[in-house]
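Grab your viewer and work through these exercises on a protein model.

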Amino acid sequence: MDLLAPLRACKKLIFYQCLPDAATLVTGTIICPIGDKKVKLCLKENNKTEEPSVFVELPLSTSEFTSSIDSSVLRIVLDPVPDSGITQRWQTYCNGQKVGFARRLVVGKEEKWVLETMQMVSSGAGFLLQKGSDAGSFKYLRGQFERIVGSDDSEAYHLVDPSYWFGQDLSVFFLQ
């Protein structure tokens with residue numbers, strides 16, 4: 001069963017035609033720790049605010065994420081797990097394949113350092129080295145994402161890449 005088939009059928013243009021006022025821009029940062037740690041997705045509506053509106057640990061290691069994004073099209077779907085206890089969790093699909101469970105996190109010391117360091121960066125990808133810390137190095141991808149509320153039970157974030165500099169088509173879908 002291809003869970004992404006209905007999403008592939010929808011083009012962003014359709015969202016704009018049906019819901020012209022539903023799209024807003026948010027700053028998105030994907031933090032990829034070097035090593036066996038999991039990738040984190042941070043979405044902030046205002047780059048000046050302290051806390052992100054979304055901070056989620058994806059069930060992908062940095063190497064798994066980079067190999068997935070190398071395909072130039074990456075669709076991540078997060079489907080909520082009912083009664084998942086204290087921490088909000090989602091069954092996660094990456095390009096139609098079930099990859100595990102994502103979970104909402106509180107921003108930790110390492111991630112806070114990355115986000116503070118990146119505060120003046122509007123978009124880009126690269127490496128960060130944290131000197132004098134056990135945290136180590138991070139890969140990152142940062143850019144503007146269009147937040148599109150499809151209905152009461154879904155919202156999507158699409159990487160805005162007008163110059164196609166990233167060369168990626170990256171979207172994250174939250175189902176409810």
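**Exercise 1.** How many aromatic pairs does the structure hold?

*Solution.* Some ground rules come first. This is a predicted model, where local features need pLDDT of at least 70, side-chain atom pairs count only at pLDDT 80 or more, and totals for chains, interfaces and linings use all residues. Residues are numbered from 1 along each chain as its sequence is written, and side-chain values use heavy atoms, leaving out hydrogens and water.

Step 1: apply the rule. Rings of Phe, Tyr and Trp (its six-membered ring) pair if their centres lie within 6.5 Å; planes under 30 degrees apart are stacked, over 60 edge-to-face, and the rest tilted. The structure holds three such pairs.

Step 2: take Trp-90 and Phe-174. Their centres sit 5.6 Å apart with 75° between the planes, which makes the pair edge-to-face. Trp-90 belongs to strand S5 (residues 89-94) and Phe-174 to strand S10 (residues 169-175), so the pair ties together parts 84 residues apart in sequence. Helices (H or I, at least four residues) and strands (E, at least two) are DSSP runs numbered from the N terminus. Both Trp-90 and Phe-174 are buried, where buried means under 20% relative accessible area, exposed over 50%, and partly exposed in between (1.4 Å probe, protein chains only).

Step 3: look at Trp-113 and Phe-138. With ring centres 6.3 Å apart and planes at 40°, the pair is tilted. Trp-113 lies in helix H4 and Phe-138 in strand S8 (residues 137-151), so this pair ties together parts 25 residues apart in sequence. Trp-113 is partly exposed at 24% relative accessible area, while Phe-138 is buried at 1%.

Step 4: check for clusters. Ring pairs link Trp-90, Tyr-157 and Phe-174 into one.

**Exercise 2.** Which residues touch the most other members of the largest nonpolar core?

*Solution.* Step 1: define the core as a set of buried Ala, Val, Leu, Ile, Met, Phe, Trp, Tyr and Cys residues joined through side-chain atoms within 4.5 Å.

Step 1: of its 25 residues, Leu-78 and Phe-174 touch the most other members. Strand S3 (residues 54-61) gives this core its largest share, four residues.

Step 2: find the separate core. Apart from the largest one lies another of eleven residues, including Ile-31, Phe-55, Leu-105 and Met-118.

Step 3: list contacts (heavy atoms within 4.5 Å). Leaving aside residues up to four places away in sequence, Phe-174 touches, among others, Leu-43, Val-54, Val-56 and Leu-78.

**Exercise 3.** Where do the buried residues of H4 fall, seen down its axis?

*Solution.* Step 1: the buried residues of helix H4 (residues 109-117) are Glu-111, Val-114 and Leu-115.

Step 1: they fall within an arc of 95°, so they line one face of the helix. The arc is that of the directions from the helix axis to the C-beta atoms.
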